[in-house]
Amino acid sequence: MPIHDSVLELIADTPIVKARRLDAGVCELYFKLESQNPGGSIKDRIGLSMIEAAEKRGDIKPGDTLVEGTAGNTGIGLALVAQQKGYKLTLVVPDKMSREKIFNLKAMGAQVVLTRSDVAKGHPDYYQDLAAKIAEDTPGAYFINQFGNPDNPAAHESGTGPEILRQMADAGGLDAIVFGCGSSGTMTGLSRCFARQAPEVEMILADPVGSILAEYINKGTLSDKSASWMVEGIGEDFLPSISDFSRVKKAYAISDKESFLTARELLEKEGILGGSSTGTLLAAALKYCREQTVPKKVLVLVCDTGNKYLSKLYNDYWMLDNGFLERQPRGDLRDLILRPYSQRDTVVLAPTDLLVTAYQRMKLYEISQLPVMDGDRIVGILDESDLLLHVYGDEERFRDPVSTAMASKLEVMDVKSPIEALLPVFDRGQVAIVVDGERFLGLITRIDLLNYLRRRVQ
Ligand SMILES: Cc1ncc(COP(=O)(O)O)c(C=O)c1O
């Protein structure tokens, strides 16, 4: 391996891995790990191409301000290149994006402007429209505009496409590729490359349920209605101006639930930690593979790393909260306990733990109250205000044991109590301590009840 002069030299030339344990029917499945780019996604490629092409044309020079509306990964690719080449960067990001991506962008020196994710194109707060406006209002700023920028597909036409064909030639060729479409740069660039160099390769689109693209491909109709979805980076409610769908003959619409469960299956079976869209692409690829009667070599893009989604789809509680994982319904208050004590899922304290430990545990798990357990018996509860009132004025008292600050007069609630019984407890500002006789089952908070009600609507 050569020693590189800059992290930018690590963009592209990503590895391909063959699936060993997933059931792909008669087909062979391969994964192209775009997650191995230095910014963790396929978008590093266009970050580089869109900035370098603008430099070559003389549109920008180091020190200038670049502006973009981005769902995150393009921002990281741009931030990486902007930082290395000395540009200022302002990014408009919809507020449904994972916190990890936003922290990452800010740490790389980008200015992040958060905007609403519940508005469509044409609304002034829509992330691309807002980015265009900021670029217009900022003297000398350059609007990157990945959705309309020909330097975006060009990165895939001259880079990703030939690279895939070269690599797959070693495996005996390529029959089909499964991809997603956000800005459509990947699809358009690959289409142009394959049209010339490998016209036999089938192009299969994986699209989130709610996006308009799958229906457009499969039926030729362009709906003016889209619904929301949670998978990040792919799916559209309009056709980007750089898009060229002419070589795409088949598309699969995949639900959020199937996407997330499939991404988890990929990690479990193949050890590949992909992002949420990887689940969508793999779910579509598996459907395609299982429909085939003759063996085919099928490549799936792993467009970004799952590291950015650890608190979402790889977090069981988040999956449960959103109804993507289910527990056996019990028909009583157990259905509302997110972290059952019996599964060792409840975060607890012992009466002898120090208050500083309690404080650290509250922060780590972002929980404002913790049950205090003596063996399997609940003996108290400690919340943020108990802790604050105890240590205020004498910080040395962080070293006192939990038993000195906890509330030990507990009102418990029997597991068979009706849900309405929770309301007066919450009204008093308390959490519900649910027991079955002597046995502590877990806590129910206001947000647990809200999540439960919301799941029932779904
Ligand atoms: C995370 C992510 N971002 C973006 C894209 C889409 O790329 P493009 O904007 O080139 O259409 C994909 C495609 O699968 C993706 O998975």
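Is Thr-138 buried, exposed or partly exposed? At 28% relative accessibility, Thr-138 counts as partly exposed, where buried means under 20% relative accessible area, exposed over 50% and partly exposed in between, with a 1.4 Å probe and protein chains only. Welcome to a predicted model, in which local features need pLDDT of at least 70, side-chain atom pairs count only at pLDDT 80 or more, and totals for chains, interfaces and linings use all residues. Residues are numbered from 1 along each chain as its sequence is written, and side-chain values use heavy atoms, with hydrogens and water left out.

**Around the ligand**

- The ligand has 16 residues around it, and Lys-43, Gly-182, Ser-183, Thr-186 and Ser-277 come nearest; a residue counts as near if one of its heavy atoms lies within 4 Å of the molecule.
- By class, this shell holds 9 polar, 4 nonpolar and 3 charged residues. Here Ala, Val, Leu, Ile, Met, Phe, Trp, Tyr, Cys and Pro count as nonpolar, Asp, Glu, Lys and Arg as charged, and the others, Gly among them, as polar.
- Two helices, α6 (185-197) and α9 (276-291), each supply at least two residues of the shell. Helices (H or I, at least four residues) and strands (E, at least two) are DSSP runs, numbered from the N terminus.
- An N or O atom in the side chain of Lys-43 is 2.4 Å from an oxygen atom of the ligand.
- A backbone N or O atom of Ser-184 lies 2.7 Å from a ligand oxygen atom, and a polar backbone atom of Gly-185 is 3.3 Å from an oxygen atom of the ligand.
- Taken alone, the ligand exposes 390 Å², and the protein buries 98% of that; accessible areas come from the Shrake-Rupley method with a 1.4 Å probe, and for residues only the protein chains shown count as cover.
- The space taken by the ligand is the second largest pocket. A pocket is an open set of points, on a 1 Å grid over the protein atoms alone, where a 1.4 Å probe fits, with protein on both sides within 12 Å along at least five of seven lines. A molecule sits in a pocket if more than half of its atoms lie within 2 Å of its grid points.

**Two residues with positive phi**

- Ser-184 is not a glycine, yet its phi is positive, about 85 degrees. Ser-184 is found in the loop between β7 (176-179) and α6, and is buried, with a relative accessible area of 2%.
- Glu-366, also not a glycine, has a positive phi of about 50 degrees. Glu-366 has its place in the loop between α11 (355-365) and β11 (369-374), and is exposed at 60% relative accessible area.

**Contacts in loops and a strand**

- Thr-138 lies in the loop between α4 (127-137) and β6 (142-143). The side chain of Thr-138 reaches the backbone oxygen of Ile-134 at 2.6 Å.
- The side chains of Ser-246 and Asp-244 make a polar contact of 2.7 Å. A polar contact is a pair of N or O atoms within 3.5 Å; within protein, one must be able to donate a hydrogen and the other to accept it, and residues adjacent in sequence count only if both atoms are side-chain atoms.
- Ser-246 is partly exposed, with a relative accessible area of 48%.
- Gln-369 lies in strand β11 and counts as buried at 13% relative accessibility. A polar contact of 3.2 Å joins the side chains of Gln-369 and Ser-368.

Technical notes:
On a 1 Å grid over the protein atoms alone, a cavity is a set of points where a 1.4 Å probe fits but cannot get out, and a pocket is an open set with protein on both sides within 12 Å along at least five of seven lines; lining residues have an atom within 4 Å of a point.
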